[in-house]
Every structure is written in structure tokens, then in C-alpha cells.
Amino acid sequence: MAADIIDGKAFAATMREKVADHVSRLKADHGITPGLAVVLVGEDPASQVYVRNKRKQTVECGMQSFEHRLSPETPEADLLALVKRLNADPAVHGILVQLPLPPHMNADAVINAIDPAKDVDGFHISNVGLLGTGQKSMVPCTPLGCLMMLRDRLGSLSGLDAVVIGRSNIVGKPMAQLLLGESCTVTIAHSRTRDLAEVVRRADIVVAAVGRPRMVPGSWIKPGATVIDVGINRIAVPETGKTRLVGDVDFDSCAQVAGAITPVPGGVGPMTIACLLANTVTACCRANGLPEPD
Ligand code: NDP
């Protein structure tokens with residue numbers, strides 16, 4: 001194997017330690033405890049796992065966790081009323097509504113009802129606009145985690161060719177904005193892109209956020225490129241009768257060619273939650289007029 005493995009798990013653990021340090025200083029110096037409210041509507045199994053992990057890590061960092069579980073039939077008006085209460089609650093500095101929402105709800109309306117200052121997911125249109133215009137905002141956690149790993153690995157990203165595969169509002173588009181902010185030359189690829197292999201071959205940085213198991217083979221990767229695999233796909237393993245997680249990148253073949261690569265699991269996933277915790281501390285500091293963490 002040629003590539004270095006980018007250890008998102010270790011990176012995230014270091015980040016969580018810094019978050020916990022900051023939280024204990026906020027408590028000791030200002031008597032403030034950052035609080036994160038997580039709202040889960042319905043019983044999606046993957047969402048339940050994410051919410052459980054978020055709660056655990058929030059508490060481990062010394063923050064307050066407020067969990068709200070609503071039945072899948074909850075009327076949208078009830079969810080909007082809860083968001084309004086959380087917006088007004090001074091103990092809540094961050095609000096996260098776990099996606100996807102049930103089909104009878106309008107996710108855009110719900111996300112845009114969150115106070116942008118408490119929108120620790122960075123999905124509110126105000127935060128999207130602030131990010132797009134290079135202003136101080138709440139940055140979506142998954143792309144932020146990817147950027148931190150890229151900066152750690154590469155230092156300056158200025159002038160590098162970056163390809164983001166996927167154009168979702170939660171990963172692809174904000175990732176592209178962040179890379180543009182780092183002065184990369186950014187290409188956003190998607191399902192209509194012609195000759196994706198050729199597009200990816202030009203890239204010094206490849207971020208795959210597609211949701212298709214092992215779609216990117218090593219033959220598409222420029223030698224020495226840095227590959228960030230956002231995908232989380234559960235596949236069956238016929239030999240064992242069990243399932244396992246794989247990314248959007250074919251790890252084995254890409255690792256032969258890339259300079260560095262994130263594994264799945266243990267790459268982007270842990271960084272996403274660490275960035276959520278960091279965003280909550282940032283929101284708390286901003287709300288209280290205190291200096292933000294670095
Ligand atoms: P979406 O389904 O919202 O978006 C997928 C994107 O991939 C779309 O833009 C789509 O294009 C594009 N796409 C689909 N097929 C192809 C193809 N054959 N070639 C090129 N592009 C294609 O997914 P998300 O952005 O929400 O998530 C992407 C992946 O990342 C998923 O596996 C998800 O589980 C994972 N994820 C991981 C997180 C983490 O913490 N690690 C957090 C969030 C997501 P088009 O727009 O044209 O349809």
C-alpha cells in the first residue's frame with residue numbers, strides 16, 4: 001500500500017479533548033455550560049445510532065445534552081413549536097434536527113425555523129449564504145471535518161485541483177465552498193457529469209460524497225492525490241451472512257495510488273461529530289460575547 005491512512009478517529013479524539021478543555025474553562029471562568037439540543041423525529045435506525053453517539057460525546061465533553069424524541073406521526077406544527085421553544089431557551093446554544101425527516105414534513109421549513117446563531121449543522125439559508133460569501137457562519141460539520149483533515153495533511157491548499165463528487169446541500173455544495181475558500185480550483189461532479197473518471201484523474205484532492213459503495217476505483221486516482229471518503233454504505237458480506245460499512249471509494253485499489261486516504265469507518269464519520277461539538281462551543285461563545293475557540 002502506498003497511501004498514508006488519515007486517522008479520523010484519532011484526529012477527532014484530539015478535537016474532543018480540546019472541546020472538553022474549552023468547556024471546562026467556560027464553566028470555571030464564566031459559569032456557562034454549553035448546551036446542545038438534538039431532535040429526532042421517527043425511528044430511522046441509522047438516525048437513532050447517530051443521535052445516541054452525539055448525546056454520549058456531548059456529555060463526555062462536559063456539555064449539556066437535551067434530547068427530544070418525537071413520534072413519526074408528529075405534525076410539522078408541533079416540531080416547529082419545539083424549535084421555537086429551543087430558540088428561546090438560553091441553556092440551549094446549539095440545535096440539531098436529525099435528518100431525514102418523515103415525508104409529511106418540509107425539511108427546509110424546519111431547518112429555516114432554527115435560529116441561525118444556534119444552527120450548529122450550518123444548514124439554515126442564512127448560514128449557507130454567509131459561507132458562500134466568505135463571511136463568518138456556522139459551517140456544516142461533515143465538510144468542516146473533511147477540510148480540517150485536508151489542512152492537517154497538506155497545509156496550504158491554495159492552487160490545488162479539487163474534485164467533489166456529489167452536490168447535496170449537506171455535504172457536496174458546502175465542501176466545494178470551503179475548498180474554494182481555500183483557493184482550490186474546484187470541480188463539482190454529480191450524476192450527470194460526463195466522463196467522471198477523467199474529471200477525477202485531474203484532481204489533487206478528491207472528496208467522494210455519493211452514497212454508492214466503492215464507486216471510485218484506484219484507476220481514477222492521480223498518483224499522490226489525497227482522497228477523502230465521505231460515503232457510509234452498509235453492504236452484505238455473503239461469506240459471513242453479516243453486513244459491514246464501506247465508503248464511496250474502493251479503498252484497496254485507491255490506497256495503492258493515492259498519497260493519503262481516509263478509511264471507512266474511522267475517517268470522516270468521527271470528525272463529523274467532533275465538529276458538531278466544536279460548533280456548539282463556538283455558538284455558546286458567540287452568544288455570550290466570548291472569544292471563540294481556534
Ligand atoms: P445525497 O444522496 O444527498 O447526494 C448524493 C450525490 O451524489 C448527488 O449529488 C448525486 O448527483 C451524486 N451521485 C449519485 N450517483 C452518482 C454517480 N453515479 N456519479 C456521480 N455522482 C453521483 O447524499 P449525501 O450528500 O447526503 O451523502 C453522500 C454520502 O455521504 C452517503 O453515503 C452518506 O451516508 C454519507 N454521509 C456521511 C456523513 C459522515 O458523517 N461521514 C455525513 C453525511 C453523509 P445528483 O445531484 O445529480 O443526483
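Q: What makes up the shell around the ligand, class by class?
A: The shell's residues split into 10 nonpolar, 12 polar and three charged. Ala, Val, Leu, Ile, Met, Phe, Trp, Tyr, Cys and Pro count as nonpolar, Asp, Glu, Lys and Arg as charged, and the others, Gly among them, as polar. Keep in mind that this is a predicted model, where local features need pLDDT of at least 70, side-chain atom pairs count only at pLDDT 80 or more, and totals for chains, interfaces and linings use all residues. Numbering starts from 1 along each chain as its sequence is written.

Q: Which residues come nearest to the ligand?
A: Gly166, Ser168, Ser191, Gly211 and Thr272 do, out of 25 residues around the ligand. A residue is near if its C-beta atom, placed from the backbone, lies within 6 Å of the molecule.

Q: Which helix gives the most to that shell?
A: That's α10, residues 268-287, with three residues. Helices here are DSSP runs (H or I, at least four residues), strands are E runs of at least two, and both are numbered from the N terminus.

Q: How do you know that α6 and α7 cross, and at what angle?
A: The axes of α6 (residues 141-154) and α7 (residues 172-181) come within 8 Å and cross at roughly 40°. Those axes are lines fitted to C-alpha atoms over the stretch in contact, with angles from 0 to 180 degrees between N-to-C directions.

Q: What makes Ser183 stand out in its backbone?
A: Its phi is near 65°, a positive value in a residue other than glycine. Ser183 sits in the loop between α7 and β6 (185-189).

Q: How do you know that the bond from Leu99 to Pro100 is cis or trans?
A: Omega is near 0°, and the bond is cis. Pro100 is in the loop between β4 (94-97) and α4 (107-113). The Val264 to Pro265 bond is cis too, with omega near 0°, and Pro265 lies in the loop between β11 (260-261) and α10.

Q: Where are the two domains, and how far apart are their C-alpha centres?
A: Domain 1 covers 30-118 and domain 2 covers 141-270, with bounds from an automatic or database domain assignment. Their C-alpha centres lie 28 Å apart.
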